Amino acid sequence: VRLFSTRLSTALSAVSTRRRSRFAGVVVMLLGLMVTGGTYAVIAPAQAHDEEFSQELIDQGRHLFLVGCASCHGKNGEGVRTQAGTQYGPPLVGVGAAAVDFQVGTGRMPLARPGVQAPRKDVVYTDEEIRALAAYVASLGPGPYIPEREQYDPTEILEADDPERTEAIVQGGEFFRTNCTACHNFAGSGGALPQGKYAPSLDGVSPKHIYEAMLTGPQQMPVFSDDVIKPEQKREIIAYLKSFQETPNYGGATLGQYGPVSEGFFAWTVGIGGCVAFAVWIASHSTRSKKKGIKA
Amino acid sequence: VSQHSDEVAKRGDGLPAEEPIPNPGVAEHHPRPTDVDPAAAKRAERQIATFFGLSSVCTILFVVAYFTFEIGEDTDTIFGYGASHVTLGLTFGLALLFIGIGAIQWARKLMSDVEIVEARHNIASPESDRQESVAMLNQGITDSVIGRRPLIRNSLLGALATIGLPAVVALRDLGPLPGNKLEETVWEPGMRVVNDVSGAPIKAREMEIGQLVNAEPEIFFAVNDEGEPIYEGVELQQAKAKAAVILVKMKPEEIIPGPGREDWAVGGVVCYSKICTHVGCPISLWEQQTHHLLCPCHQSTFDLEDSGKVIFGPAARSLPQLPLMEDEEGYLVAQSDFTEPVGPSFWERGE
């Protein structure tokens, strides 16, 4: 773009030299700037959705940020390092509104205490406050914006008629098993990671937050950007998860759906343990009477 | 020992002359209420019959449940569980349990309850029987002349040793040797790295820092002139089991390139085999902040910023890295096949 505008300016300068007007240089420079700015505005990355947040909202978000977030993330979201040089709170420049909406909207932020992983807990801020915080953090640098409802809402897929519904859910299942099950388990029940970290269960997580997690890669989770896993494919993954969670457990109690380990553990402790306890209970109760009066 | 065997011999029945621990005798017999009270016995009888009756009811309910509840397309449910599955299990389990409880109550309350002393004789055969057996064996050896004619004995041993040879020879026909199949994958220079499932090609700049892509060679999605997939069925699965890769993107300055691997990454994107070098589990459990890749089977951990080196667990080899470059359209392609065999170690690989 810059190259293009420079060439344009050069071309226009050539014209102006011939006309020899006093203001020609200034006019041409202004024209060049307008062309540059205008072209940038047209082809700028779609992620910079700053226009949807008003300055008032950003100011409100900044106020909330200074009270609730700045102690770890720095007064301008630049992050805080400890004296030992380790990261206390990461910088938030460029994480985008989607990351704020996910982290604060699922209660992970604000952290109750530092640890290996931020757990999901009760949400502290109201929806409007979360939006204000997101607006402020988005104003720090371009990052993923909060997805629109039509991007993440799987209702359309789930209410579609077959075979479209089944095809979309089957495709979502393939994406899920390829990209997500390594950490989140085949049923989305979550799983352990090294050193006390874990992949959380996906049960009861809202479609918007699942979408935002794929988009932003919170904590140890990798990013699954829209360029590689398309928004439509993300929506199919969410539809697969929701249809899976709505399906009755035909095989009986799931025992957490952690696979053969939890099921085997249950069989050995509760099943066989119960049988042993029952046998001990029977053997410890004699049917004989020790009462003196009863004699054959 | 000799004194002991003398005593045993004296008794003749194999029991010691004197009991090592004094025999306390049979404990005092306490009768059961059902032994002395006919009304209690009658109650116990009804109780046991009730259990057996409940078992019959459960069995009948099993049959009823079998024909009542829908399975398949429009499955009936109870409390969110499959109705057929739950009721069949419950009714049959209870039917067995009630037979068991009834049988135990029967044995405890009504079956004969008198103490019995059962004497056991010596387990060993009498001395005369044992001597006769040894004599018969020796007679057999003498009659067979095997002791006097060692040629027969030795040639028989030789025949028995060689009879296993056909089995060894026939084992060679179980299949051809693997050749260099374990050393090669379908990756070749210029082959695109595409998204698993969708088959879409990938550009390095479309990936974001911290991104993970489960990827495959493009040939798995390619079709021949007749529109048929080039790889399908078992052949596809076998080729996939070796050629599956993961792409990850990190900050270029965080990558420590191994010797000779300086140009294997494209803009912070590196490509590694998805097959664990321990026993071949597929791994894509990548932590984007630590850049560690964890195998869920046995917790082998590979550091993808440092040539896939093993930093924890039973794996003995680094994860093989696929050299990457960009084609003229900017899509990620392989520079070559893997430079070392992927997956677990094998006999011929040595080292």
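This is a predicted model: local features need pLDDT of at least 70, side-chain atom pairs count only at pLDDT 80 or more; totals for chains, interfaces and linings use all residues.
Reader: Okay, new topic. How many helices and strands does chain B have?

Author: Chain B has eight helices and 13 strands. Its radius of gyration is 38 Å, well over the 20 Å that the globule rule gives for 351 residues, so chain B is more spread out than a compact globule.

Reader: And what does the C-alpha trace span along its principal axes?

Author: About 100 × 80 × 45 Å for chain B.

Reader: What share of the residues in chain B is buried?

Author: Buried residues are 32% of the 351 in the chain. As for the surface, chain B exposes about 22,200 Å², and carbon and sulfur atoms supply 60% of that area.

Reader: Can we zoom in? In which sense do strand 9 and strand 10 of chain B pair?

Author: Antiparallel, over three bridges, with strand 9 covering residues 301-303 and strand 10 covering residues 309-312 of chain B. Across that pairing, Asp303(B) stands opposite Lys309(B).

Reader: Nice! How many residues sit between the two strands of that hairpin?

Author: Five residues lie between strand 9 and strand 10 of chain B. In the turn, Ser307(B) has a positive phi of about 55°.

Technical notes: Residues are numbered from 1 along each chain as its sequence is written. Chains are lettered from A and ligands numbered from 1 in the order in which they are written. Side-chain values use heavy atoms; hydrogens and water are left out. Helices (H or I, at least four residues) and strands (E, at least two) are DSSP runs, numbered from the N terminus. The radius of gyration is taken over C-alpha atoms; the globule rule is 2.2 Å times the number of residues to the power 0.38. Buried means under 20% relative accessible area, exposed over 50%, partly exposed in between (1.4 Å probe, protein chains only). Accessible areas come from the Shrake-Rupley method with a 1.4 Å probe; for residues, only the protein chains shown count as cover. Two strands pair if DSSP finds at least two bridges between them.
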